[in-house]
Amino acid sequence: MKGMFAAAVLFTLSACGEPEPKLEGVEPSLRRLTEQQYRNVIADLFGDHIIVAGRFDPILRQDGLIAIGAGNATISASSFDKYEKLAHSIAGQVVNDRNRALFIPCEPAQVHEPDDTCARTFLEPVGRLLFRRPLDQSELSLSVGLANTASQQLGDFYDGLAFGLTSLMVSPNFLFVVDEFEKGKGEEGEAKLTGYAKASRLSFFLWNTTPDTELLDAARSGALSNSNGLEAQIERMMQSPRLRQGVQAFFADMLHLDEFDHLEKDNLIYPAFDPQVIDDARDQLLLTIEHHLLDEDTDYRDLFTTRDTFMSGSLGRVYRTPISEPDLWTAYEFSEGEGRAGIQSLAGFIALHSHPGRSSPTIRGKAVRELLLCQKIPDPPGDVDFSVFNEPSSQQMTARERLDVHNSVPSCAGCHRLTDGIGLSLENYDGAGQFRTRDVGFDIDASGNLDGIDYENQFGLADALSQNPGIPVCLVQNTLAYGLARDPGRDARDWISFLMQKFEESGYRFKPLLRSVAASENFFAVIAPQEERAAKTQVGTLLNSTKGSGS
Amino acid sequence: MTLLKTKRASRRGFLRGTLAGTAVGVGLPFLDMFLNGNGTALASGAPLPVRFGTWFCGLGHTPGRGMRALEGNDYEFIEECLSLEPYKKDYINYFSGFNTPLDGSISAVHYTGWVAGKTGSVPQGFGMIPAPTLDTIIADKIGTKSRFKSLEISSTGNPKDSYSYRNAGNHNAGEVSPLNFYLRLFGPEFRDPADKDFTPDPRVLLRQSVLSAVEGDRSRLVRAVGSEDRARLDQYFTSVRELEQQLEVSLSAPPALEACHKPKRPEEVPVGYDVETVNANHDTLSEILALALACDQTRVFNMMYTQAASEARVKGTTFTHHILSHEEPPDDHLGYQIQTAWFNERGYEALSRMLGTFSNIREGDGTLLDNVLIFAQTDTSDAKTHSVIGIPSMTIGKAGGRVNTGLHINGNAAPQSRIGLSLMQVMDVPIAEWGTRSLRTSTPISEFLA
């Protein structure tokens, strides 16, 4: 579906240059906090020294993004069990005698007894940051009441306060980002996000964390309801150091970097690829992207040809280059002889899309199509006779020879043509991303093709990718899907075309794209839930009939 | 240009250990003084609980190299499944010939088969979970009186390798670390029946109060979202209530289960897909699981050996189990894929070892195996061709005498949902029909039911 959609956007691009098309919006939704968001929120509220110990149940990726999965995920019993234990652990750390002076702006009258005022003084502002809106009176009273009861029973104000804090951290108001809305006065279904809901949407989009106090203050004052106020906040957020973690989170999602958590390489075949390399290979991708798009603020498409990156000591072993300061990330430019160009040639991208003990042109080609071009490769057919691939010497064949066999079967050839022309031109990298010129004793033929463009090697692929019109469209689509936590859908086609036009005009720079999306009315557009609309229609009908009967 | 290379806490660090593991002990005998005369009930009159579990290994076994049918309903395990033979007569039924009618849908390779078997419905593509998996339905019925409604465990190191779902957005992820699994079960919150002086922990009551308070958040939220999200909220609140029930259990003195004792705390160990590691973790996780069952910490579990399209591999080799199943040529003389068969054998050996561990837990006159029902499943009937026709499966255990054992049951092309329906009925789920379209059935497998 994504592939067809991208093509449609390209087709309508020439019709742009007009005011931004307006979307009707969708029903308000819930988005479960991702693990990284949860960790960011705790770090932002209480500092890095509060340990978020334990593992989170993963949110399953949908339509290519964990963000979309989060928009459809609930919290299973085993997940909630973990959240509850985690909340107690965090709350216990916050109130312990080492940390309480940092976070609790008051002292109880008696340390062994409840203190309603002090509990309230602490829980009210913390609750505002956790819920991303002020607690209403009943919520605050409940939390303070729990703290008081627990303090009474445990004979310790701070122990009790931890229970009050825990009650906020296991609440659905914290664990889900809620699109709270205000009903419009006018036509049926009219609704708009509250200022606080807008603040959350902005904050998780740009920072991947909860809104800070200033953004919540802007929500309270109504500043986010007018374009000047909104743009001022967006500009402030774009200048914040937190933008980096937001951009990293987006590309980590788009490039499936969560899969590094379970990436395995055979350490007998690839002894250099140790656990530190896995961590650094992931970070190298993100640092390269971040530097290119944020620090240099240059054309997104150049990411696929750039030779600029960063190198660490452990990565030096994989790239076979000496690193003078192994404990630092050092800016590094690949020479032509090193055979690298673009993020798709970095060890992280290559290793992530390979088998544990060998390369895979098909998996790599599929990754380029799906992750970078937003094109869905059809699932493999269920009725293939694999006996034709049972070539006795297959383990001594080059990848190209093995795939030639696949391409001899019509039901396989269609998809392999889409993937293998890309993946074979990355065959100069082994399963761990190390450069090589030979495979199973033969010189590697890295020629390939992408959408009608033939090339000789990985440099040709890099050029073809950077010039492929699907590359920027895919970024725009992913940016929207990530920010909205849903597939933008066909209704958003004109909006995407509009954003594409602006993206092109900006020189394909990512920061202006983020600004365009965040400032768009469409980014916040909602309609009332169906039940609300139906109720409104009924009331309207009733009013009309009453009017009618009275006239 | 240089940047400080911060040593941030590695996400992988939470998932992977660095030290070699150690085995944990298994159960002590269940003392007769706590049982009635025939060993089928606790002295209190409560019957011994029947537990339900699933076990999964990817890619099944080579057709014709796992089981040989004998006269009538008899059979014998051979070749790749030979290690299961000691348990066959008393505990294992082998199901062959049960089909997965697709009703025009395309078979999602390595996916449709197990989803259909566990949900009674054919998914319309990867990632779709058309109905709750049967373990969650059974857990709703029998899992409310234990500390954990169900436990999910994966030997592969990847928590996503768990096939327990209420829907696509409500997944029960697998525990992958033996140490974390141990701590969750036998950490500070474990109430040891050997402790004579039980007093309820006041903090548990307070934790319950916190959860009760959360219920108050429902009304404001429900007003804010549409019907689909309301359903997701309902599932969240169900999870809250389940934890409340779980805490309720820990407010009572633990039952006197003499087979119950804390296992030895395992070390942090590596996780991963190489067979050596998978086997080591499967063994350790099985031993902890056996004691969790002996201590009545849960009555439902889902254990995964390897996932569908198994990525298991041997260190130093370039081909995984899955790739071999497609690309390895059959041996000229033996006629089958030798390396693929090797992986298959390792899976059933691991299952056999798990059954050995369970059989070491004495319960009355028998063992844990007499009071458990395990559904052992795989994804294909012939990995080489991705076939979902006649996917083999097994039931293991006597389920407290509720099922017959030692049978080969040939479905003769009946829908595989009949197996799932039978399992749920054995486990007291009040269900007369199950499945959708051609998988819909109201006919349990009569010869299986005692």
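Q: What share of the 450 residues of chain B counts as buried?
A: In chain B, 56% of the 450 residues count as buried; a residue is called buried if 20 or more other C-beta atoms, placed from the backbone, lie within 10 Å of its own, exposed if 12 or fewer do, and partly exposed in between. This is a predicted model, in which local features need pLDDT of at least 70 and side-chain atom pairs count only at pLDDT 80 or more, whereas totals for chains, interfaces and linings use all residues. Residues are numbered from 1 along each chain as its sequence is written, while chains are lettered from A and ligands numbered from 1 in the order in which they are written.

Q: Why does A:Leu65 count as buried?
A: A:Leu65 has 20 C-beta neighbours inside 10 Å and therefore counts as buried, although its place is in the loop between helix H2 (35–46) and helix H3 (66–70) of chain A. Helices here are DSSP runs of H or I with at least four residues, and strands are runs of E with at least two, numbered from the N terminus. Leaving out residues up to four places away in sequence, A:Leu65 touches A:Asp253, A:Asn478, A:Ala481 and A:Tyr482, where contact means that the C-beta atoms lie within 7 Å.

Q: Why does A:Phe251 count as buried?
A: A:Phe251 is found in helix H13 (residues 242–254) of chain A, and because 21 C-beta neighbours lie inside 10 Å, A:Phe251 counts as buried. Residues up to four places away in sequence aside, A:Phe251 touches A:Leu286 and A:Ile289.

Q: What makes helix H4 (residues 134–142) of chain B mostly covered?
A: In this helix of chain B, 7 of the 9 residues are buried, namely B:Leu134, B:Asp135, B:Thr136, B:Ile137, B:Ile138, B:Ala139 and B:Ile142. The buried residues of H4(B) pack against E2, helix H3 (112–119), strand E7 (165–167), E9 and helix H12 (417–426) of chain B.

Q: Which residues have the most contacts inside the largest nonpolar core?
A: They are A:Leu161, A:Leu165, A:Met169, A:Ala347, A:Val476 and A:Leu499, in a core of 164 residues; a nonpolar core is a set of buried Ala, Val, Leu, Ile, Met, Phe, Trp, Tyr and Cys residues joined through C-beta atoms within 7 Å. A:Ala347 is in contact with A:Ala281, A:Leu315, A:Val318, A:Tyr319, A:Ala432 and A:Gly433, neighbours within four places in sequence being left aside. Apart from this core lies another, of 94 residues, which includes B:Tyr75, B:Phe343, B:Leu351 and B:Val372.

Q: Why do strand E6 (151–154) and strand E14 (408–410) of chain B stand at the edges?
A: The sheet of chain B is open, with mixed pairing, and its 7 strands have the order E6-E9-E2-E12-E13-E5-E14. Strands E6 and E14 of chain B each have a single partner strand, so one side of each is left without a neighbour in the sheet. On average, neighbouring strands of this sheet are turned by 15° against each other, direction ignored.

Q: How do E6(B) and E9(B) pair, and over how many bridges?
A: They pair in the parallel sense over 4 bridges, and two strands pair if DSSP finds at least two bridges between them.

Q: How many residues of chain A are in contact with chain B?
A: In chain A, 71 residues are in contact with 69 residues of chain B. The elements giving two or more residues to this side of chain A include helix H4 (77–95), helix H7 (137–154) and helix H24 (530–550) of chain A. By class, the residues on this side of chain A divide into 30 nonpolar, 23 polar and 18 charged; Ala, Val, Leu, Ile, Met, Phe, Trp, Tyr, Cys and Pro count as nonpolar, Asp, Glu, Lys and Arg as charged, and the others, Gly among them, as polar.

How values were computed. Contact = placed C-beta atoms within 7 Å. Axes fitted to C-alpha atoms, helices over the stretch in contact; angles between N-to-C directions.
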